[in-house]
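Here is a short briefing on one protein chain. Look at the model first, then read the points by topic.

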Amino acid sequence: RNCEVIATSSDPVKAMKADWYPRVKYIPFNLKDFDSSVNYFSYFNEPAAMIHLAWEGLPNYRESFHLQENLPGHLVFLLNLVNYGLTDLTVTGTCFEYGMKEGSLKEDMQTEPANPYAAAKDRLRKQAQKYQDIMPNFRIATQSLRKGDTLPELQDILNESFIQEADGKWRTPDPNEAKDRE
């Protein structure tokens, strides 16, 4: 209540037939048409929050395109939104991220993806979390930008300002460590 829901998909004709269509603002978008020069945060009317539900190619869970195509495509799309101002992003996962388990699953359980689809969804969630963890520093670094300035890429700031550990976590360099000064 008291909020506008923006929905998107790659098939406007199919969306118009859905029972939810009259209750949302529909903005068509096909991830295959992604253009890194576009500010998708503005394109989607600067949403206060986003819940990412999309994923192509289901139910072909064992196909490599989940890791080779879907993962990078969804990641650059989500990071574009965050880079341009999205502050509340929820990335939905799949029970397959936890392996072939029976019974209740909890989000704090160790993930054990058993197929390419699950591995891609797990990596997308983890990558989004990494960016969220360092995003306050990114926002501070970009506050001085003026209209017309080029927004720096978050990945470039990460690579220049932080060190990525073998487990994928980012950390601040220690000036007392010779290996961190290199």
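A polar contact here is a pair of N or O atoms within 3.5 Å; within protein, one atom must be able to donate a hydrogen and the other to accept it, and residues adjacent in sequence count only if both atoms are side-chain atoms. The model is predicted: local features need pLDDT of at least 70, side-chain atom pairs count only at pLDDT 80 or more, and totals for chains, interfaces and linings use all residues. Residues are numbered from 1 along each chain as its sequence is written, and side-chain values use heavy atoms, with hydrogens and water left out.

**Asn70**
- The side chain of Asn70 reaches the backbone oxygen of Glu56 at 2.9 Å.
- Asn70 sits in helix α3, residues 65-83.
- Helices (H or I, at least four residues) and strands (E, at least two) are DSSP runs, numbered from the N terminus.
- Asn70 is buried, at 7% relative accessibility.
- Buried means under 20% relative accessible area, exposed over 50%, and partly exposed in between (1.4 Å probe, protein chains only).
- Beyond its neighbours within four places in sequence, Asn70 is in contact (heavy atoms within 4.5 Å) with Trp55, Glu56 and Phe65.

**Ser64**
- Ser64 belongs to the loop between β3 (50-52) and α3.
- Ser64 is partly exposed, with a relative accessible area of 38%.
- Ser64 and Ala120 are 56 residues apart along the chain, and 9.4 Å separates their C-alpha atoms.

**Overall fold**
- The protein chain has 6 helices and 6 strands.
- From the N terminus, its elements run β-α-β-α-β-α-β-α-α-β-β-α.
- The protein chain has 182 residues, of which 31% count as buried.
- Take the contacts between residues at least 6 apart in sequence: 48% join residues at least 24 apart.
- The accessible surface of the protein chain (Shrake-Rupley method, 1.4 Å probe; for residues, only the protein chains shown count as cover) is about 12,400 Å².
- Carbon and sulfur atoms hold 49% of that surface.

**Aromatic rings**
- The count is 15 aromatic pairs.
- Rings of Phe, Tyr and Trp (its six-membered ring) pair if their centres lie within 6.5 Å; planes under 30 degrees apart count as stacked, over 60 as edge-to-face and the rest as tilted.
- Phe29, Phe34, Tyr40, Tyr43, Phe44 and Phe77 are linked by ring pairs into a cluster.

**Cysteines**
- The model has 0 disulfides, a disulfide being a pair of cysteine sulfur atoms within 2.5 Å.
- Cys3 is exposed, at 57% relative accessible area.
- Cys95 is partly exposed, at 48%.
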